[in-house]
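Try each task yourself before reading the solution.

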Amino acid sequence: MNTDKIRNFCIIAHIDHGKSTLADRMMELTDTVEKREMKAQLLDSMELEREKGITIKLTPVTMRWKGYTLNLIDTPGHVDFSYEVSRSLQAVETAVLVVDATQGIQAQTLSNVYLALEQDLEILPVINKIDLPAADVEKVSAEIVNLLGCKKEDIIGVSAKTGLNVEQVLDAIIERGPAPRVVEQTTSAAAETPTRALIFDSYFDDYRGVVLYVRTFNGRIPKNSEIRMMAAGTNGLALEVGILTPKMSPKDALEEGNIGYIVTNLKTTREAKVGDTVTLAKNPASTPLPGYKHVLPFVYAGFFPVSNDQYKDLKEALEKLALSDSALVFEPENSPVLGFGLRIGFLGLLHMDIIKERLEREFNLDLIITNPSTNYEVTLQNGEELEIKSAADLPDISVVKEIREPWVKGEIIVPSSMIGNVLNLINEKRGHQTNLSYIEDRAVIDFEAPMANLLTDFYDQLKSATSGYASFNYELCGYRAEDLVRVDFLVAGSKMDALSVMCHRSEADAIGRDVTKKLKEVIPRQNFEVALQAAIGARIISRETIGAYRKDVTVKIHTGDRDRKAKLLEKQKRGKARMKRFGKIDIPSEAFTVMLKRN
């Protein structure tokens, strides 16, 4: 098949710079979607995506324009979903870089540009929202020229909302974007080139089974052919193949250079993992395509059902979500206070928030979520290496030689006048600045900081310190040994494992005082006095006391006999002491998320 008339591209940008709206206008212009079916952010099909106004899952769509086939992949913009972006970039040759005319280059813009340059893609710069009164096209053009080293004439100014100049973008993709690249493989000239296609996404359909989104690099995949997943070593049938417009449009075969879908007879997505190579079983390829690096979660939280009867439902719901989210990992966890639950790994706090919302809405689950934490590497005195995902898993400190915590490399773009506020915030989080550069009148601050200190409310504090002007991006950069301790929290003398937290020794006292104060606000008063304590090992570092309710037992005495009053008060005192020994405290679910907003 002639691939010269095919162009594969994706749209990359910072969050809320207009990727999905630009995709809408492209589908309208190319008559891919009928007018009556058109709606804003059409490719954002998930209810949560539409409600929050963000893209969570990448979405492919095939369009026709001036005799060419244009395959678009719309990507998310938030840092937590950069894994989705990197997968999209490996399946295309051109990246349309969208920059907001009112905001200019942001942190995620830079991050996505670097990802595109790593894949050696043709970058097509586009300035969006040029129709807004606050748009500064000249300034943003200068920033893009400075970043990419392109000519000013190469930049296309568009308004995705009104459709202004969107035709120029489609024409530029055809003129400047390369045709699909064919990844060479060693084969004799006489033999037919073995088929190879890259799985860049997959999901589980309740009625049809596993559906793969693939990009064919060599050969073709006919309908009803037997396919093999090279890394997983599993065989399956291509029950249906076709392209997305954005509805499924079946074809007789998926041709070379194209992006489309394969409906398989597989039962789980573990048999066809994202990044695997699909080939035909009758003429298999010898070498797979370069896949993706396996993404590991670095934020962990315990999810517990309010009622233990729902544990099985929670597990089944997560298994269904994991079928379409390859970054989601989980394992069983048992807490003496909360019962049976699951410890789930996420790519970031937004990823956690999305999964929580989906579990509560789509599966009607009532959940308690523990404080998010990161994973730690522990070396024991006997040389054994452990990885712990929560503070409760830390072995006795006497057998621990070293604890290493994850650090991140961060990048903050901020107006030059606000550099001082940001540097102060980084220092508060035990971070340090590594580089400072400028894009026009804005500063790019590169820094390193411990992951655990950025988990809770760093982003909120950054927005407050910069009046909302800063943008933030980060990536993991390894583990470092630090003086870390485990802070335990005791409620009425009982240790709450779900509340335990790992922190630096210098921060332990402040965290202990802060959390006990928060717990005092959320735990209801009892008929007896309740002590709230923070401890490192056996040493108590802070304490708060929830006072007891006092029932007036002397109200029924109508005389002023002091002896009778004293007798009743003494009886009440003994009863309260007994209550304190045997009383159970019902801890509300809010108590387990007090760390989310420390300040």
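**Exercise 1.** Describe how helices α9 and α11 pack in this predicted model, including the handedness of their crossing.

*Solution.* 
- Start with the handedness: α9 and α11 cross in a right-handed manner.
- Next, take the geometry. Helix α9 covers residues 419–428 and helix α11 covers residues 458–465; their axes are 9 Å apart, at an angle of about 155°.
- Now classify the angle. Angles over 145 degrees count as roughly antiparallel, so α9 and α11 are roughly antiparallel to each other.
- Then look at the residues that meet. From α9 come Asn421, Val422 and Leu425, and from α11 come Phe458, Gln461, Leu462 and Ala465.
- Finally, sort the residues of this contact by class: five are nonpolar, two are polar and none is charged.

**Exercise 2.** Work out how helix α1 is oriented relative to helix α6, and find the residues that make the contact.

*Solution.* 
- Locate the pair: α1 is residues 19–29 and α6 is residues 166–176.
- Read off the geometry. The two axes come within 10 Å and cross at roughly 80°.
- An angle from 65 to 115 degrees counts as roughly perpendicular, so α1 is roughly perpendicular to α6.
- On the α1 side, the contact uses Leu22, Arg25, Met26 and Leu29. On the α6 side, Val166, Glu167, Val169, Leu170 and Ile173 take part.
- By class, the contact of α1 with α6 has seven nonpolar and two charged residues, with no polar ones.

**Exercise 3.** Find the largest nonpolar core and explore the surroundings of Phe303.

*Solution.* 
- The largest nonpolar core holds 40 residues. Those with the most contacts inside this core are Phe303, Phe346, Leu359 and Ile412.
- Helix α7 (residues 311–324) supplies the largest share of this core, with six residues.
- Zoom in on Phe303. Setting aside neighbours within four places in sequence, its contacts include Leu314, Phe346, Met352, Leu359 and Ile369, and also Gly341 and Lys356.

**Exercise 4.** Is Glu240 buried or exposed, and which residues is Glu240 in contact with?

*Solution.* 
- Check the accessibility. Glu240 has a relative accessible area of 15%. The cut-off for buried is under 20%, so Glu240 is buried.
- List the partners beyond four places in sequence: Glu240 is in contact with Arg208, Lys223, Pro250, Tyr261, Ile262 and Val263.

How values were computed. Residues numbered from 1 in each chain as written. Predicted model: local features only at pLDDT ≥ 70, side-chain atom pairs only at ≥ 80, totals over all residues. Heavy atoms only, no water. Core = buried A, V, L, I, M, F, W, Y, C linked by side-chain atoms within 4.5 Å. Buried < 20%, exposed > 50% of the residue type's maximum accessible area, 1.4 Å probe, protein only. Helix = DSSP H or I, 4+ residues; strand = E, 2+ residues; numbered from the N terminus. Contact = heavy atoms within 4.5 Å. Axes fitted to C-alpha atoms, helices over the stretch in contact; angles between N-to-C directions. Parallel < 35°, antiparallel > 145°, perpendicular 65-115°, else oblique. Nonpolar A, V, L, I, M, F, W, Y, C, P; charged D, E, K, R; others polar. Left-handed = near helix turned anticlockwise from the far one by under 90°.
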